[in-house]
Amino acid sequence: MGKWTEGLLAWGRARPWAVDAPLVALAVWVSVWGVYTDPHGADGKWWAYALAIAGSLPLWWRRRAPWAVMGACGVPTMALSALAHSAMPQIQVAMAVAIYTVADRGKDWQRAVLLTICVVGNVIGTRSFDGMLFSLLVSVGSFVVGSLVRELRRLAGVEAERARQAGLRAASDAARAVAEERGRIAREMHDILAHAVSLMVVQAEAGPLVVHSNPDRAIRAFDAIADSGRDAMVQLRRVLGVLKEDGAAPALAPQPRLAELGGVLDRVRESGVAVDARIEEAGPAEVQAAAYRIVQEALTNVVKHARADRVVVRVAVRGGADLTVSVADDGTGPAAPAGAGVDGRSGGRGLLSIRERAAACGGSAETGPRTDGPGYLVAAVLPLNA
């Protein structure tokens, strides 16, 4: 269907009077012309003209009350047919339009009754076989066309509803994707800043204590602060770079690899905590990124809360199917206050972030005091083929 035709149909739907007025005029003209040209003398009889006009004018209200208009058109038409049958035109435009309208807009029982009347009335009431066939063709044909239009309108409504539902689902999916991306970026920024700031605070507190007694150690402490700050800036630029780029895909977001853990471990060692680490670099990018952040967050908690002397970090493939992560310290940490947060040591969201990262990869994480001695344990299992 061309744009011109679609525009014309849309114009007609918005202005039903522009369609109904010509139909009423045509129906009146055809009926009056039949009376005027009646070879048996209906012309000149006022009642014949009145019945012809009365059988057509109600079409103006056909959209509002199709069944009532059907009756209002049918009674005068039947009276004219009975009193002056020869004045009836070959095609009763008013009745054809009224039948079409009921088939299109009427209730189911009205449509069933109308179809029965059309068939039975034309079979019984027509005086010749040819006339019966022609009347059936006009009346039943009008009914069929109206039924087809009714079905097309129903299908159009179904398609419109499907499109609306699809739009709602798309909007919901987009909103959910935005929320998930916001949560992911929030975790990234939390992990980056919490780790860097924690190490910087520890080093900054230690530096003044040894600046006179051990200048070399003080210098290393300040160098560690600078290194932590620079590393945090680099990672933050990666996060903010994604936010600044219009249409940037989530794949452009920071994806640290296990090979980069060396810098994190060195800065923890510089804070005064001995680190025993064995890292097996394996797995897809998203799994390695999750393992990296889990280790980083666990080490951040060690530096901030554990009061530990030593921490053991293990990242290894188990059974070829899972990447296991374990961070265990030997610290005591401050007592957890009433209403402590999810990490059990502070009111922060560190360990909640660890669990969320593991769950996002289809894995799981457990945290809590060690059972084989003093300290705290963070353990996670990340499927390699999630």
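What share of the contacts in the chain with a separation of 6 or more comes from residues 24 or more positions apart? The figure is 66%. Keep in mind that this is a predicted model.

Now the overall make-up. The chain has 386 residues, and 38% of them are buried. It holds eleven helices and five strands.

Let's start with the aromatic rings. A pair of rings is described by two things: the distance of the centres and the angle of the planes. This structure has three aromatic pairs. Take W29 and W33 to begin with. Their ring centres are 5.8 Å apart and their planes sit at 15°, so this pair is stacked. The cut-off for stacked is under 30 degrees. Where are these two residues? Both belong to helix α2, which covers residues 17–36. They are four residues apart, about one turn of the helix. Here is the background: an α-helix has 3.6 residues a turn, so residues three or four places apart point the same way.

Are they buried or exposed? W29 counts as exposed, because its relative accessibility is 53%. W33 has 44%, so W33 counts as partly exposed. Neighbouring rings come in too: ring pairs join W29, W33 and Y36 into a cluster.

Next pair: W67 and W109. Here the ring centres lie 5.5 Å apart, with the planes at 65°, so the pair is edge-to-face. For that label, the angle has to be over 60. This pair links distant parts of the chain. W67 sits in helix α4, residues 66–83, and W109 sits in helix α6, residues 108–125. They are 42 residues apart. With a relative accessible area of 28%, W67 is partly exposed. W109 is partly exposed as well, at 48%.

Stay with α6, and look at how α5 packs on it. Two packed helices are described by the angle between their axes and the distance between the axes. Helix α5 runs over residues 93–105. The axes of α5 and α6 come within 8 Å and cross at roughly 145°. The crossing is left-handed. Which residues meet there? From α5, they are I99, V102 and A103. From α6, they are Q110, R111, L114 and C118. The residues of this contact divide into five nonpolar, one polar and one charged.

Helix α9 covers residues 261–270. Its buried residues are L261, V264, L265, R267 and V268. Look down the axis of α9: those residues fall within an arc of 160°, so they line one face of the helix. Just after α9 comes G272, with a positive phi of about 110°.

Then helix α11, residues 350–360. The buried residues here are G350, L351, S353, I354, R357 and A358. Seen down the axis of α11, they fall within an arc of 150°, so they too line one face of their helix.

What follows α11? That is G362, which has a positive phi near 80°. G362 is in the loop between α11 and β4, the strand at 364–369. At 55% relative accessibility, G362 counts as exposed.

Conventions:
Residues numbered from 1 in each chain as written. Predicted model: local features only at pLDDT ≥ 70, side-chain atom pairs only at ≥ 80, totals over all residues. Heavy atoms only, no water. Phe/Tyr/Trp six-rings, centres within 6.5 Å; stacked < 30°, edge-to-face > 60°. Helix = DSSP H or I, 4+ residues; strand = E, 2+ residues; numbered from the N terminus. Buried < 20%, exposed > 50% of the residue type's maximum accessible area, 1.4 Å probe, protein only. Arc of directions from axis to C-beta. Axes fitted to C-alpha atoms, helices over the stretch in contact; angles between N-to-C directions. Left-handed = near helix turned anticlockwise from the far one by under 90°. Contact = heavy atoms within 4.5 Å. Nonpolar A, V, L, I, M, F, W, Y, C, P; charged D, E, K, R; others polar.
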